[in-house]
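This report examines selected local features of one protein structure. The sequence and the coordinates are shown first.

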Amino acid sequence: MGSILNFIIPKGSKHIQQAPVTNEVFSNYSYSMHDFSINFSFELKKDCKNIILVEVVDGYKSLIRFLKESPGLINFVKSNNICIITCSVADPCPKNEFKTISNKLKELEILDKIFFIDTNKNLDNQNNVFAFHYFLEEAVNSKEQLFGQINDLGYVSKKIDKSELDKFRNKKFLSFQRNNDKEHRLSLLHDYLTNDFSDSYFSFLQTILYAEPYQDSSEVLTYEEYNKNLPIELDTNGNIHGFRTDNTFQKELFLDSVIHIVSETSFSQNELFISEKTLKPILNFQPFIIIGPFGILKELKKVGFKTFGDFWDESYDETKDSKNRYLKIRKLILELNSKSINELNNLYKIVKDICIYNNEVFYNMKNKNSLKEIFKVIENER
C-alpha cells in the first residue's frame, strides 16, 4: 500500500528552497506546486494527509517570513485538515533560536500544526521535531561515489589501502578551513599564525570580515593582519569558493600527516550534528581532534565510532562553554605540536588499529532513509 501523504510545495518565494527533503518528495510522493502569495486554489485530497512542505533558506526565520508573505495562509491551515512540515537539514537550527521560533508560532496559534525536520540532535526531545544525522546518512548511502571520480577541485580522490598506513609521515597535523568567519576557525587561524606549525598542513581560504577569536584581547591581530596571510591553500589551486567538500580527499596529504584537526560547522551554538568534515579522517584512517559542538565525541561513540581519549585529553567534549572548550582544544593541539615528528609517528602506530576500526564501522553501516521513516511516523500521527 502506498503512502497517504499528499504534499503541496510552495513556489515563487525567496524563503523556500528545493533541497534534500523536497527532492525526496519529488521522487517518492504525491505532490503539486502552488504559489501561496496568489491564492489557495489547490485541491486538498480526500483520504490523504495533506501537507505543505516548507524547506527553508535561512533557518526557521524563513518560515515566519514565508507565512507573512502569504496572506491568509495561517487561517487556511488552522481551518482545514492540513499541516506544515518545515525543514532545515543542511543548516541545523540552534536550540535557542528554535525556542524563539516556537514561541512565535505559538503566538500565531499554529505551532500544533507544524512538524520540524532538522539535523541538530539536541532538538530530539522537542515536540513535533524529527532530528537525524543527514550528512552521515548521505555519505553512507553514497559511499561508492566518495572516491574514484574527478571532484570540483579537478583531481580524483583515491582510497588509501591499509598496506600504506605504516609509511613515515612528515607532517604533524592536517586541517581544512574554507570560511573563516566563525570564532573557532578564526581562533585556529590565530594560533596557526602565532605558533610554529611549519611541519603541518593547514588551509585557511576565505578572508575574515566580522569574527572574533577566543583569545586574550592583547593577543588579537587586526583583520588586515589576518587577511594579508590568506588564502593558505593545500589542494584548491585558487578555487577557494564554489566546491563540494564531501569528495575532496587528496591521498598524499592524509598519508603524510598524523592527526586530523576537524573544524566543524557548529561550535558556539552547539548544534549537535556530524558533517562530512568529521568523516574525512574516518574515511582516510586518521586520528582526530574535533573543534566542534559540546558532546560531538559522545555522539560519535553513540553511533559506533571510537575516539582517542586513552591517548590524549578529550575532556573538551564535556565543556559546554564555547570559549573554554576552544581553549582546552588549543592546549591539546599545542601539547601535541610540541612533540617531535618521530614521537607522533610512534603515536600513530599505537592508534592505527582504532583508525582502521572506525573506517570499517563506516563501510559496514547500512543504507538508511530517515526521511522515509519520518514521513511514515507523520502519516500515522493524528
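The structure is a predicted model, in which local features need pLDDT of at least 70 and side-chain atom pairs count only at pLDDT 80 or more, while totals for chains, interfaces and linings use all residues. Residues are numbered from 1 along each chain as its sequence is written, and side-chain values use heavy atoms, with hydrogens and water left out.

Helices (H or I, at least four residues) and strands (E, at least two) are DSSP runs, numbered from the N terminus. Helix 4 comprises 13 residues, 95-107, and spans 19 Å from its first C-alpha to its last, close to the 18 Å expected at 1.5 Å a residue. That expected span is 1.5 Å times one less than the number of residues in the helix. Phe-98, Ile-101, Ser-102 and Leu-105 are the buried residues of helix 4. Seen down the axis of helix 4, these buried residues fall within an arc of 105°, so they line one face of the helix. The arc is that of the directions from the helix axis to the C-beta atoms. On the other side of helix 4, the exposed residues are Lys-99, Thr-100 and Glu-107. Here buried means under 20% relative accessible area and exposed over 50%, with partly exposed in between (1.4 Å probe, protein chains only). The cover over the buried residues of helix 4 includes helix 2 (61-68), strand 5 (114-118) and strand 6 (129-131). Helix 4 is followed by Glu-109, which has a positive phi near 60°.

In helix 1, the residues Val-21, Thr-22, Glu-24 and Val-25 are buried. Viewed down the axis of helix 1, its buried residues fall within an arc of 155°, so they line one face of the helix. Among the elements that cover them are strand 1, strand 2, strand 3, strand 4 (82-88), strand 5 and helix 13 (370-380).

**Aromatic groups**

A search of the whole structure finds 27 aromatic pairs. Rings of Phe, Tyr and Trp (its six-membered ring) pair if their centres lie within 6.5 Å; planes under 30 degrees apart count as stacked, over 60 as edge-to-face and the rest as tilted. Phe-7 and Tyr-29 form an edge-to-face pair, because their ring centres are 5.6 Å apart and their planes lie at 75°. Phe-7 lies in strand 1 (residues 5-10) and Tyr-29 in the loop between helix 1 (20-28) and strand 2 (30-34), so the pair ties together parts that are 22 residues apart in sequence. Both Phe-7 and Tyr-29 are buried.

Tyr-192 and Phe-197, by contrast, form a stacked pair, with 6.2 Å centre to centre and 15° between the planes. Phe-197 is buried, with a relative accessible area of 5%. One aromatic cluster is formed by Phe-173, Tyr-192, Phe-197, Phe-202 and Phe-204.

Two arginines lie over aromatic faces: Arg-169 over Tyr-348, at 4.0 Å from the ring centre, and Arg-178 over Phe-243, at 4.2 Å from the ring centre. A charge sits over a ring if NZ of Lys or CZ of Arg is within 6 Å of the ring centre and within 35 degrees of the ring normal.

**Backbone geometry**

Most residues other than glycine have a negative phi, and most peptide bonds are trans.

| Residue | Phi | Relative accessible area |
|---|---|---|
| Asp-47 | about 60° | 75%, exposed |
| Phe-285 | near 60° | 5%, buried |

Asp-47 is found in the loop between strand 2 and strand 3 (49-55), whereas Phe-285 is in the loop between helix 9 (276-283) and strand 10 (288-291). A cis peptide bond, with omega about 0°, joins Leu-230 and Pro-231. Pro-231 lies in the loop between helix 7 (223-227) and helix 8 (251-255).

Ser-13, in the loop between strand 1 and helix 1, counts as buried at 13% relative accessibility. A polar atom of the Ser-13 side chain lies 3.2 Å from the backbone nitrogen of His-15. Leaving aside neighbours within four places in sequence, Ser-13 is in contact (heavy atoms within 4.5 Å) with Phe-66 and Glu-69.

His-260 is placed in strand 9 (residues 257-263) and counts as buried at 2% relative accessibility. The side chain of His-260 makes a polar contact with the side chain of Gln-286 (2.9 Å). A polar contact is a pair of N or O atoms within 3.5 Å; within protein, one must be able to donate a hydrogen and the other to accept it, and residues adjacent in sequence count only if both atoms are side-chain atoms.
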